[in-house]
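This report examines a single protein model, sheet by sheet and then residue by residue. Please consult the sequence and the structure shown below while reading.

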Amino acid sequence: YIWKNGRNMASNSRIKEFTDYQSVLDFLYDQLPMYQRVGKSAYKADLSTTLALDRHFRYPHQAYLTVHVAGTNGKGSVSHILSSILQAHGYQVGLYTSPHLKDFRERIKVNGVPVPESFVMDFVNGCRDLFNGLKPSFFELTAAMAFDYFRAINVDLAIIETGMGGRLDSTNVIVPVVSVITNIGHDHQQFLGKTLPSIAREKAGIIKAEIPVVIGETQKEVQDVFIQKAQELESPIRFADQDIRCSHALQTMTHKQKLFLEKNGKPYLEGLETDLAGFYQSKNVITALGAIESMRILGIPIRQEAIFDGLASVTDRTGFYGRWQVMGHHPLVVCDTAHNQEGIYQVVRQIRNTPHKNLHMVFGMVREKDPDEILGLLPSNARYYFTQADIPRALKMQELQKKAEGFGLEGEGYATVKEAVVAARSVAGRDDMVFIGGSTYVVAEAL
């Protein structure tokens with residue numbers, strides 16, 4: 001490939017074989033359109049390339065059972081929770097999620113172990129002839145890679161997380177045993193629609209004929225969208241939070257979260273603990289438990305002990321991080337990848353309930369988000385360290401800082417995430433709190 005006008009363009013000649021892993025990564029990031037880096041120019045509003053890739057690799061996802069997970073917030077958490085529970089039962093479980101935080105191979109795991117570099121190299125080298133003709137996006141190719149890898153490893157089940165929407169998502173060629181939709185919020189409206197019902201209709205595109213669907217949260221504005229779609233396709237539908245509720249949660253001495261669940265007004269799974277520290281994780285646990293119940297009804301064995309064991313060690317078993325992750329003490333340093341209205345609201349709620357003296361906020365955003373919708377949710381009694389991730393989509397920190405001033409949020413601007421984190425930690429006292437977030441990519445660089 002050659003460099004032309006600031007973009008990598010495939011030449012007409014056959015792409016040469018890659019001889020090392022880094023050159024493969026450079027090609028994937030620079031040559032293939034990648035939404036996480038460049039935004040809407042990488043988005044395709046059809047599945048033609050995905051279907052062509054699926055035919056080329058002989059429908060690898062048909063070799064194992066799958067669970068399909070969509071939604072605005074929490075789909076990554078639900079996917080990792082399900083994987084951990086199924087692993088605890090003894091299944092060999094594939095897990096496909098996005099984006100990655102530190103290493104591309106985080107996107108494709110089997111029982112918590114990332115795909116080997118050698119497989120990534122062999123896969124990309126093996127389909128070089130497809131690049132000029134099909135011109136797949138980064139996400140289209142990595143989804144095909146995940147499906148192929150899970151077949152090669154001979155997994156029992158695979159948890160497949162959608163990238164953005166559902167109906168036109170590159171993962172939406174699978175026919176799962178259960179479809180899961182966590183919730184609907186305001187995100188990616190330029191692609192999925194301006195209203196919650198329109199976004200819900202796109203997410204509902206993963207519902208398949210006669211396949212059970214689990215909805216994590218009952219939301220008045222969108223519940224009829226899911227009910228209607230399920231009725232059209234004769235798909236059994238379950239609203240997880242109508243069956244199971246969390247009355248309250250407590251932090252344990254071992255830094256886990258003890259959940260007090262109820263089902264039909266009676267205690268359910270008494271003594272259940274999870275290593276996921278965010279208050280909002282109770283919603284994701286309930287969604288995952290709804291999916292587990294639907295899988296059991298289908299005859300897929302999942303022991304009760306596996307639920308307890310799996311939830312107690314999600315991070316260790318699956319390599320999940322970046323969600324209310326404690327990075328240090330004295331001062332307390334926490335990061336979280338929440339990046340839309342609903343997610344930021346939950347994070348700010350937890351910040352306010354976390355003991356600290358002074359609050360320091362390292363904050364950056366991507367330019368597609370409406371800063372006004374986010375900044376109005378942030379605490380004004382904090383010192384801000386405005387920054388930007390090293391991606392083309394990043395909102396310039398000068399612009400973010402200027403907009404934040406209109407909301408009474410005061411602080412300084414820093415050209416890099418590293419500089420902002422170093423500055424915050426150097427100023428913070430032992431009893432202070434440093435929060436890092438606003439964008440998945442800010443968190444990735446901080447980690």
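Strand β18 (residues 382-386) pairs with β19 in the parallel sense, over four bridges. Within this pairing, Arg 383 stands opposite Glu 410 of β19. Here strands (E, at least two residues) and helices (H or I, at least four) are DSSP runs, numbered from the N terminus, and two strands count as paired if DSSP finds at least two bridges between them. The model is a predicted one: local features need pLDDT of at least 70 and side-chain atom pairs count only at pLDDT 80 or more, while totals for chains, interfaces and linings use all residues. Residues are numbered from 1 along each chain as its sequence is written, and side-chain values use heavy atoms, with hydrogens and water left out.

Both strands belong to an open sheet of six strands with mixed pairing, in the order β15-β16-β20-β17-β18-β19. The edges are taken by β15 (325-328) and β19 (410-413); each has a single partner strand, so one side of each is left without a neighbour in the sheet. From one strand to the next the twist averages 25°, with axes being lines fitted to C-alpha atoms (for helices, over the stretch in contact) and angles running from 0 to 180 degrees between N-to-C directions. Strands of a sheet pair through backbone hydrogen bonds, either parallel or antiparallel.

Strand β4 (residues 93-96) is antiparallel to β5 (residues 108-110), to which three bridges link it; Leu 95 has Lys 109 of β5 as its bridge partner.

Tyr 91 is placed in the loop between α4 and β4. With a relative accessible area of 16%, Tyr 91 is buried; the classes are buried under 20%, exposed over 50% and partly exposed in between (1.4 Å probe, protein chains only). Neighbours within four places in sequence aside, Tyr 91 is in contact with Leu 86, Asn 111, Asp 156, Leu 157, Ile 300 and Pro 301, where contact means heavy atoms within 4.5 Å. A polar atom of the Tyr 91 side chain lies 2.6 Å from the backbone oxygen of Pro 301. The C-alpha atoms of Tyr 91 and Ile 302 are separated by 9.4 Å, although these residues are 211 apart along the chain.

## The second largest pocket

The second largest pocket holds about 770 Å³ of space. On a 1 Å grid over the protein atoms alone, a pocket is an open set of points where a 1.4 Å probe fits, with protein on both sides within 12 Å along at least five of seven lines, and lining residues have an atom within 4 Å of a point. Grid points are joined across faces, edges and corners, and the volume is the space filled by probe spheres set on them.

Of the 30 lining residues, Gln 251, His 255, Ala 277, Trp 324 and Val 326 lie nearest the centre of this pocket. The elements that give two or more residues to the lining are β15 and β16 (332-335).

## Backbone features in loops

Most residues other than glycine have a negative phi, and most peptide bonds are trans. The peptide bond from Ser 98 to Pro 99 is cis, with omega near -10°, and Pro 99 lies in the loop between β4 and β5. Another cis peptide bond joins His 330 and Pro 331, with omega about 5°; Pro 331 is in the loop between β15 and β16.

Asn 111, in the loop between β5 and β6, has a positive phi of about 50° although it is not a glycine. This residue is partly exposed, at a relative accessible area of 29%. Asn 264 has a positive phi of about 55° and lies in the loop between β12 (257-263) and β13 (266-268). Asn 264 is exposed, with a relative accessible area of 68%.

Key. Polar contact = N/O pair within 3.5 Å; in protein donor to acceptor, adjacent residues only side chain to side chain.
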